[in-house]
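Reader: Hi! I'm new to this one and would like to hear about its charged pairs. Could you walk me through a few?
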Amino acid sequence: MTGDMRPEDFKTVYDRFQASVSRFDCGRFCAPLNNGQPVCCDTSHAIPVVDKPEFELLKGRTDLWHRYKPVDANSRQIVADLHKGCMAIECKGARFCERDNRTLACRAFPFYPYFTKANELVGLATYWIFADRCWLISNMQVVERKFIREFIAAYEYVFDRDPEEKDAMRRQSASHRRVATRNNQPILIIGRNGGFLKAMPRGGEIKPAGPRDMVRHGPYKSPRAYARAVKEMDGEMPKQSPFID
Ligand code: SF4
Ligand code: SF4
């Protein structure tokens, strides 16, 4: 993020966006495939990027976060490509998580606000590159209404103050449409008022989504695929099955 959000504006966002994404502790389902660490809390998979005023707010509240130091050519490139108003940061790790001091990116993961070609914010789409690792992307039916409401309200608050962030999310949506067209797969979207939608490949037309559109990915396709993946990672099966329906 890069625009006119002040530290106190991020505090407002944090105060208003506290809902849990679901009633499941989904980190227990993805961590066995990632050396015991929830995937989205591990900078080797996802590096949190914040607006500098957001980091200012966090620094005043906690010592949980520090500036991220790139570890290889890829992460150096990610940091080099950031807009000057943004920075990459890293927390002390999932064991030390402070719920109130999670970034907006932590709270929203794996979702981003999806804009149609006509620039309408219709709901929540996912950062698709995590589909092979993030349990939630294969189980979007668990997402709570309260989370959806707070997510949309938080981003609308940000967009009202920071048009560049809105542009960034429009570009993200357009890039997702290109991937959908290449793969000939619709984009699954949680509608801002509940229910599921899909943006069709080649054009992005929005239609209602049905049970056939609720696709599972990678190790989350079947209990057997999951057990095999956990074994390959020398992980420990979670006490609760990740296959919940
Ligand atoms: S959001 Fe996805 S990656 Fe993050 S803890 Fe939950 S299942 Fe894992
Ligand atoms: S603050 Fe919490 S949710 Fe965010 S990356 Fe760290 S451990 Fe994960």
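Reader: Which residue does Asp-15 form a salt bridge with?
Author: Its partner is Lys-11, and the closest N and O atoms are 2.7 Å apart. A salt bridge here is a side-chain nitrogen of Lys or Arg within 4 Å of a carboxyl oxygen of Asp or Glu. Please keep in mind that this is a predicted model, where local features need pLDDT of at least 70, side-chain atom pairs count only at pLDDT 80 or more, and totals for chains, interfaces and linings use all residues. Side-chain values use heavy atoms, with hydrogens and water left out, and residues are numbered from 1 along each chain as its sequence is written.

Reader: Thanks! Where do Asp-15 and Lys-11 lie?
Author: Both are in helix H1 (residues 7–16), four residues apart, about one turn of the helix. Helices are DSSP runs of H or I with at least four residues, numbered from the N terminus.

Reader: New topic: what does Arg-28 pair with in a salt bridge?
Author: With Asp-25, the closest N and O atoms being 3.1 Å apart. Arg-28 is exposed at 56%, while Asp-25 is partly exposed at 45%.

Reader: How many salt bridges does the structure hold?
Author: There are 11.

Definitions and conventions. Chains are lettered from A and ligands numbered from 1 in the order in which they are written. Helices (H or I, at least four residues) and strands (E, at least two) are DSSP runs, numbered from the N terminus. Buried means under 20% relative accessible area, exposed over 50%, partly exposed in between (1.4 Å probe, protein chains only).
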